[in-house]
Number of protein chains: 2
Amino acid sequence: MIFPEKRHLQLPGPTAVPPRVLRAMERPMISHRSPEFAQLVADITADLQWVFCTTHPVYIINGSGTAGLEAAAANTISSGERVLVVVGGSFGRRFAAIYQAFGANVETIEVPPGKAVDPQQVVEALTRHPDTRVVAVTHHETSTGVLHPIEEIAKVVHRHSDALYVVDAISSLGAVPLQTDAWGIDVVVTGSQKALMTPPGLSMIAMNERAQKRMEGSTAPRFYFDLRTYDRSLRNNEQPYTPSISLFFALNEALHMLHEQGLEAIYQRHVQLRDAFRATVRAVGLGLLAEDAIASPTVTAVTPGNRDLDIQQVRKQLANLGVESMDGQDELKGKILRLGHMGYTDALDLLTVAAALEMALIHLGVKGIAGVGVAAAEEVLLHV
Amino acid sequence: MIFPEKRHLQLPGPTAVPPRVLRAMERPMISHRSPEFAQLVADITADLQWVFCTTHPVYIINGSGTAGLEAAAANTISSGERVLVVVGGSFGRRFAAIYQAFGANVETIEVPPGKAVDPQQVVEALTRHPDTRVVAVTHHETSTGVLHPIEEIAKVVHRHSDALYVVDAISSLGAVPLQTDAWGIDVVVTGSQKALMTPPGLSMIAMNERAQKRMEGSTAPRFYFDLRTYDRSLRNNEQPYTPSISLFFALNEALHMLHEQGLEAIYQRHVQLRDAFRATVRAVGLGLLAEDAIASPTVTAVTPGNRDLDIQQVRKQLANLGVESMDGQDELKGKILRLGHMGYTDALDLLTVAAALEMALIHLGVKGIAGVGVAAAEEVLLHV
């Protein structure tokens, strides 16, 4: 890279943060026990409720996305209770491990990498285990780029059980439609560093009355992640422990930007970017891990397809050109390239990525593709 | 306040953040899996080891100080094990509550507000309970401004038991001498938002071999706070979960500033500021909660002394003038004013505070003190 600060951060997360959001953190510290901070908490909470599509409280935890998942887990079970987790990749597996660490009796539905769970599998598992207390699903499995059918699963969970429905929406919320209240999702977790265009460090958890009632009775050991404490504080627009004040400034500014665009426009942009990038990948002769119908609008997992090349070499060439993507995780390590197109990404960014992908492949000896990937993306972007 | 951004943040925390540290956060996001971030982790770790006076690993957790305390607790006990906690105020009480939440059999040494624990009390408790596995002490009890005799307690803990010695140094480390290795402290916890002059959101935990060995065998339920995971990541200069990248940039810059001054000069400055402020408080006829010998160089708790006034009215007047201090907590709520003079505070800040305190009292009808508090502070500051 000639100019290192010109790096194009197309990761599955953290995503690029808009300059005005970064600048919001230049603001001097304020007291977290001041009326000013309480107003900030009130404003952010209202905006988050809008993004989560909920009227219920949204708790903000100073911690990474995994911290949010742990808070969701530790507040929804007691030791020995049965939890059903959909495992479609590394993050579903992590959610299961967290529930297990807190003493849950975890059943998993194992979904092959790149595939989505069939709601019928959830029905079968609930029928086998009528004592299931929680069904936990990853909305977008960041390790594979697959979107699980969250709305359909909501229906079967509530039809076939009294279980709480807990959704990891860390890399989907604010980019992909998710109607917390309307779909009947009891707990939704997200993080600051994905579609919310904020630096990493905050996790948010929405909880409806059913989940709050469960939380009151849950006996899993917890202190920092005890959301009852956050609930009491939130009634006064406070945070129980010294919050990451600079990140609150940043999140507030980022939420203003989301408001300026509107959720519908944001959802549409992400679909368009996904479709454009998938057209590029196909046009340059690479493969896609997930089928079109289940492909996430936020991250695309690229395979070598029929080309005889090492996809990690493509990733390295892209990085040399200034475009940062990510390797696969766990069983997909070395086998895929994951490119994020969520948050602060627009059509021109996508065309830049398409051009860089052509250049990367040409550097690796692929012929006859100059302009082809860009043309395919333009075709999608022009015909929306 | 005429200019709200001219506010003087003299809280027990968060403390004022130097402009160059705030500006460090304007840097665009980078990947937390990049060689660049690994270098940042390596640099920060080396600097933290210098501040902690340790050669052992220092784990960085994305979370507030309470998160650091929980990590220390959850990695040093198993359910049912006996823990001895010195409770000299709200933060000692919180440390005990955290150990309790994770199943420890907690014994406390209750110390009256404003007093320090006598190491002999620790000896007696250890003699009564030879099965004690952890002795947990707050170095500076932020709720009272008292410094507990950490070095002396280290000696008796190791002489009279095999217990791990765990110290909460959240509002002392980087301002008050604390020799982790030389004093034989097994676990030391601190936070970013106090003497380290960084925004809140990061907690750091140093652990020696004894503590690491205990951690390996500890069965307390934990996932996000499982320091074994952080230990494995740190071997590659990595963080296990998406870290708060902007706060790492800030911490790195703040640690550079500490280096520029040197630890000895920093310790001396804090003693000088404490002594100057205590001279001011006495000169204007207010009282001090802690005696000189145990008074913290980072925070001073002020009482009405013999003056017939509401100390919270003094705090409000100070706030109107632009100086922010804090109320007491729990049983001290309403009874004291806590003023922080740690981190980014110098002699002129202290004189400003002294003058503001005079003004505040004059507004409340106190007579004959104009210039008196400032003169007393100057006397101290000039004769060091």
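Author: Start with the contact between the chains. This is a predicted model. The contact takes 43 residues from chain B and 43 residues from chain A.

Reader: Which elements give two or more residues to the side of chain B that touches chain A?

Author: They are helix 1 (19-24), helix 3 (65-74), helix 4 (90-101) and helix 9 (245-261) of chain B. Helix 3 of chain B gives the most, with 4 residues.

Reader: What rotation superposes chain B on chain A?

Author: A rotation of 180°, with 0.0 Å of shift along its axis. The RMSD is 0.0 Å. That is the relation of a two-fold axis.

Reader: Which C-alpha of chain B is nearest the axis?

Author: That of B:Gly63, 2.4 Å from the axis.

Reader: Now one chain alone. How many helices and strands does chain A have?

Author: Chain A has 13 helices and 15 strands. Next, ask how compact the chain is. The radius of gyration of chain A is 21 Å, and the globule rule gives 21 Å for 384 residues, so chain A is as compact as a globular protein of that length. Along the principal axes, the C-alpha atoms of chain A fill a box of roughly 65 × 55 × 35 Å.

Reader: Into which domains is chain A divided?

Author: Domain 1 covers 19-260, and domain 2 covers 263-382. The centres of these two domains of chain A, taken over C-alpha atoms, are separated by 28 Å. Their contact takes 21 residues from domain 1 of chain A and 22 residues from domain 2 of chain A. On the domain 1 side, the residues divide into 10 nonpolar, 10 polar and 1 charged.

Reader: How do I read a sheet? What is the strand order in the open sheet of 4 strands in chain A?

Author: Read the order across the sheet, then the sense of pairing. In chain A the order is 11-12-15-14, with antiparallel pairing. Now look for the edges. Strand 11 (287-288) and strand 14 (326-327) of chain A are the edge strands, since each pairs on one side only.

Reader: How many bridges join strand 12 of chain A to strand 15 of chain A?

Author: There are 4 bridges between strand 12 (residues 299-303) and strand 15 (residues 337-340) of chain A, which run antiparallel. Take one position there. A:Thr300 stands opposite A:Leu339 in strand 15 of chain A.

Reader: Which strands does helix 10 of chain A lie across?

Author: Helix 10 (residues 263-283) of chain A lies across strand 11, strand 12 and strand 15 of chain A. It runs at about 10° to strand 12 of chain A. Helix 11 (residues 311-321) of chain A also packs on the sheet, touching strand 12, strand 14 and strand 15 of chain A. Its direction makes about 40° with that of strand 15 of chain A.

Reader: Now chain B. What is the order of its open sheet?

Author: The 4 strands of the chain B sheet have the order 11-12-15-14, and the pairing is antiparallel. Strand 11 and strand 12 (residues 299-303) of chain B pair over 2 bridges. B:Gly287 stands opposite B:Thr303 in strand 12 of chain B.

Reader: Where is A:Met197 found?

Author: In the loop between strand 9 (187-191) and strand 10 (202-207) of chain A. Phi of A:Met197 is near 60°, a positive value in a residue other than glycine.

How values were computed
Residues numbered from 1 in each chain as written. Chains lettered and ligands numbered in written order. Predicted model: local features only at pLDDT ≥ 70, side-chain atom pairs only at ≥ 80, totals over all residues. Least-squares fit on C-alpha atoms with pLDDT ≥ 70 in both. Contact = placed C-beta atoms within 7 Å. Domains from an automatic or database assignment. Nonpolar A, V, L, I, M, F, W, Y, C, P; charged D, E, K, R; others polar. Pairing = 2+ DSSP bridges. Rg over C-alpha atoms; globule rule 2.2 N^0.38 Å. Axes fitted to C-alpha atoms, helices over the stretch in contact; angles between N-to-C directions.
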